[in-house]
Amino acid sequence: MSSSVQRKRIRKSPEARRAEIVATAARIALTEGLECVTLRRVAEELTVRPGLISHYFPSAEDLVAEAFSVAALGELDTLLPQERPDGTPAQYLARYFALSSGEAYDDISRLWINARHLSRYRPVLRDVVTRMELASDDRLEALILDGVARGEFRTDEARSAAIQILVVLDGLGAHANSDRTDRPAAVTRLALSTAERALALPHGTLDAPGATGALPLDFSPTEAAEAAVPRAAAQAAEAQAAEAQAAEAAASAQAAAPEAAASTAAAGA
């Protein structure tokens, strides 16, 4: 009799398997680029057959778009959280800038560069990029409005201030693949200076010692993406339900049109 013990294969639930696929795709997107997110590449990472991946994502384009969505949502939730119970708006804004630099944020910058380029040819990805850009605008605007309400910031144009800050950060992030060792200090803190000017803060407020209070300053894009998987799945389900509802309403309207036309004609006769 053989003494070897055969391992029992654990069957994952569809929800758990899909989450695993998306988290793996997001990790590949962050470390290797969205072009490397293929059904075969994800299958290799998970040591499963490509057919299993295509069961959940028949189109590789949908998987690429969701990989980006999860990574971008993880960034947003970590850097600009909706709930801010542990500090003031000014501290969270200072933390945002503190985390928007370094190698970890370079991975995010590269991903955004990559996604914006590919979205020119991929409409599914383009829709997600647009949605995440608007979400970033909304989240930063909400933080600014909170600061205005508490008397920490002064501006009558919170949306404009948010967009100015994000545009500067995007511009600086476009150099994520370049050598920036000789960048002047004024350029390095250009986003900070923009925020301080737009929000009527004294120069140096947002990067002064202790500006972030006791807020944590650690950021892992891959861990943030993994944590965002359930929320991204819920958003995708809501979007699909809305599309189905809109399609059903359109079909009902189209079906009702001949009857309405007939009734009008009968009334005219």
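Ala200 is located in the loop that joins helix H10 (190-198) to helix H11 (221-268); helices here are DSSP runs of H or I with at least four residues, numbered from the N terminus. The model is a predicted one, in which local features need pLDDT of at least 70 and side-chain atom pairs count only at pLDDT 80 or more, while totals for chains, interfaces and linings use all residues. Residues are numbered from 1 along each chain as its sequence is written, and side-chain values use heavy atoms, with hydrogens and water left out.

Most residues other than glycine have a negative phi. Ala200, although not a glycine, has a positive phi of about 60 degrees. Its relative accessibility is 32%, and it therefore counts as partly exposed; this class lies between buried, under 20% relative accessible area, and exposed, over 50%, with a 1.4 Å probe and protein chains only. Thr47 also has a positive phi, near 50 degrees, in a residue other than glycine. Thr47 belongs to the loop between helix H2 (39-46) and helix H3 (50-56), and with a relative accessible area of 70% it is exposed. Ala186, in helix H9 (residues 185-188), is exposed at 55% relative accessibility. From Ala186 to Pro258 there are 72 residues in sequence and 67 Å in space, C-alpha to C-alpha.

When residues up to four places away in sequence are not counted, Leu140 touches Leu80, Leu93, Ala162, Ile165 and Leu166, where contact means heavy atoms within 4.5 Å.

How do two helices pack against each other? Two packed helices are described by the angle between their axes and the distance between the axes. The axes of helix H1 (residues 14-32) and H4 come within 8 Å and cross at roughly 80 degrees; axes are lines fitted to C-alpha atoms, for helices over the stretch in contact, and angles run from 0 to 180 degrees between N-to-C directions. H1 is therefore roughly perpendicular to H4, a description that covers angles of 65 to 115 degrees. On the side of H1, the contact includes Arg18, Ile21 and Val22, and on the side of H4 it includes Leu63, Glu66 and Ala67. The residues of this contact comprise 10 nonpolar, no polar and two charged; Ala, Val, Leu, Ile, Met, Phe, Trp, Tyr, Cys and Pro count as nonpolar, Asp, Glu, Lys and Arg as charged, and the others, Gly among them, as polar.

The structure also holds two aromatic pairs, that is, rings of Phe, Tyr and Trp (its six-membered ring) with centres within 6.5 Å; planes under 30 degrees apart count as stacked, over 60 as edge-to-face and the rest as tilted. The rings of Phe68 and Trp112 have centres 5.0 Å apart and planes at 85 degrees, so this pair is edge-to-face. It links distant parts of the chain, with Phe68 in helix H4 and Trp112 in helix H6 (residues 103-118), 44 residues apart. Phe68 is buried at 0% relative accessibility, and Trp112 is buried at 9%. The rings of Tyr96 and Phe97 have centres 5.6 Å apart and planes at 50 degrees, so that pair is tilted.

Technical notes. Helices (H or I, at least four residues) and strands (E, at least two) are DSSP runs, numbered from the N terminus. Angles under 35 degrees count as roughly parallel, over 145 as roughly antiparallel, 65 to 115 as roughly perpendicular and the rest as oblique.
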